[in-house]
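Have the model open while you read, and follow along piece by piece.

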Amino acid sequence: MSHQSNWRGTSDYIADETLMRIVNVAIQLGRPLLVKGEPGTGKTLLARSIADGLHMDLLCWHIKSTTKAKDGLYVYDTVQRLYDSRFHDKDVSDIRQYIKLGPLGKAFTAEQQVVLLIDEIDKADIEFPNDLLHELDAMSFEISETGDVVTAKQRPILILTSNSEKELPDAFLRRVVFHYIEFPARELMDRIVRTHFKDLPETLLQRALDAFYRLRQIDGLRKRPSSSELIDWISALLVHGVDSENLKNEYPFLGTLLKREQDVVLAARAVMAIRR
């Protein structure tokens, strides 16, 4: 197994000490890291940062409701084989030319250790995680059409994300390291914002953070604004030259922060209460 230094975050992904420790523990144990957290906490971007920080390639497997575990291993392109047999003067007897490795198959066959993101694993069928267990434990799988066995040259660093749409099986959870990414506290958010805006006026930054965290505390919001929406909002404030004084009791460009009509109504009521 290749040796790598510890991950310490990257210039564009500011991580707290707890997250850095759990990432490195998962890598050292050779276990998948399952990451949960509310939208906008950087679950998906984490894998890119780990790959960048450890100078590895990143492979992504974005899960849909129709995704099967086998799709991540390989796909046998029967349609292309049938097409070639009917319309081309081509030898189709070698099935291997129609075997296409999936993201997990590519991670196994990579010459160097890679980071593999399995994104939104909870979107798939409830059996999907369990169907992966054997391959993840054995670090190998068989291509049934050819009898070939694909064995991992290096154990990939596996990052799994979940939005808690459905519970994951206990047998699967026993084999992963779990971490819940808390929404960034103000001090960490201050650092995150500064990585995106190098010359942001200090007063504007602090007033924007005041307003942002005040907005997140409004009772009844269906979707509280995330860090990515804060970045969009500050961009809008800068482009339109909004005075930081205006952020004391109003929210210009509220549609960059809130995306549901009832949340906008709640926020408008909160602003009216402040003005009174």
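Contact here means heavy atoms within 4.5 Å. Helices (H or I, at least four residues) and strands (E, at least two) are DSSP runs, numbered from the N terminus. You're looking at a predicted model, in which local features need pLDDT of at least 70, side-chain atom pairs count only at pLDDT 80 or more, and totals for chains, interfaces and linings use all residues. Residues are numbered from 1 along each chain as its sequence is written, and side-chain values use heavy atoms, with hydrogens and water left out.

Strands of a sheet pair through backbone hydrogen bonds, either parallel or antiparallel. Two strands count as paired if DSSP finds at least two bridges between them. Five strands make an open sheet here, in the order β2-β5-β8-β1-β9, with parallel pairing. At its edges sit β2 (58-62) and β9 (177-180), each of which pairs on one side only. From one strand to the next, the twist averages 20°.

Helix α2 (residues 43-53) packs on this sheet and touches β1 (33-36), β2, β5 and β8. The direction of α2 makes about 175° with that of β5. Zoom in on β5 (residues 115-119) and β8 (residues 157-161), and you'll find four bridges joining these parallel strands. I118 has L160 in β8 as its bridge partner.

**A hairpin**

β6 (residues 140-143) and β7 (residues 148-151) pair the antiparallel way, over four bridges. I143 is bridged to D148 in β7. Four residues lie between the strands of this hairpin, and G147 takes a positive phi near 80°.

Two packed helices are described by the angle between their axes and the distance between the axes. Axes are lines fitted to C-alpha atoms, for helices over the stretch in contact, and angles run from 0 to 180 degrees between N-to-C directions. The helices to find are α8 (residues 186-196), α9 (residues 202-216) and α10 (residues 227-239).

| Pair | Angle | Axis distance |
|---|---|---|
| α9 and α10 | about 135° | 11 Å |
| α8 and α10 | roughly 50° | within 11 Å |
| α8 and α9 | roughly 130° | within 11 Å |

Angles under 35 degrees count as roughly parallel, over 145 as roughly antiparallel, 65 to 115 as roughly perpendicular and the rest as oblique. With an angle of about 135°, α9 is therefore oblique to α10. The crossing of α9 and α10 is right-handed; a crossing gets that name if the near helix is turned clockwise from the far one by less than a right angle, and left-handed if anticlockwise.

The tally for α8 with α10 is five nonpolar, two polar and no charged residues.

As for α8 and α9, their crossing is right-handed too. R186, M189, D190, V193 and R194 in α8 meet E202, L205, Q206, L209, D210, F212 and Y213 in α9. This contact divides into six nonpolar, one polar and five charged residues.

Technical notes: Nonpolar A, V, L, I, M, F, W, Y, C, P; charged D, E, K, R; others polar.
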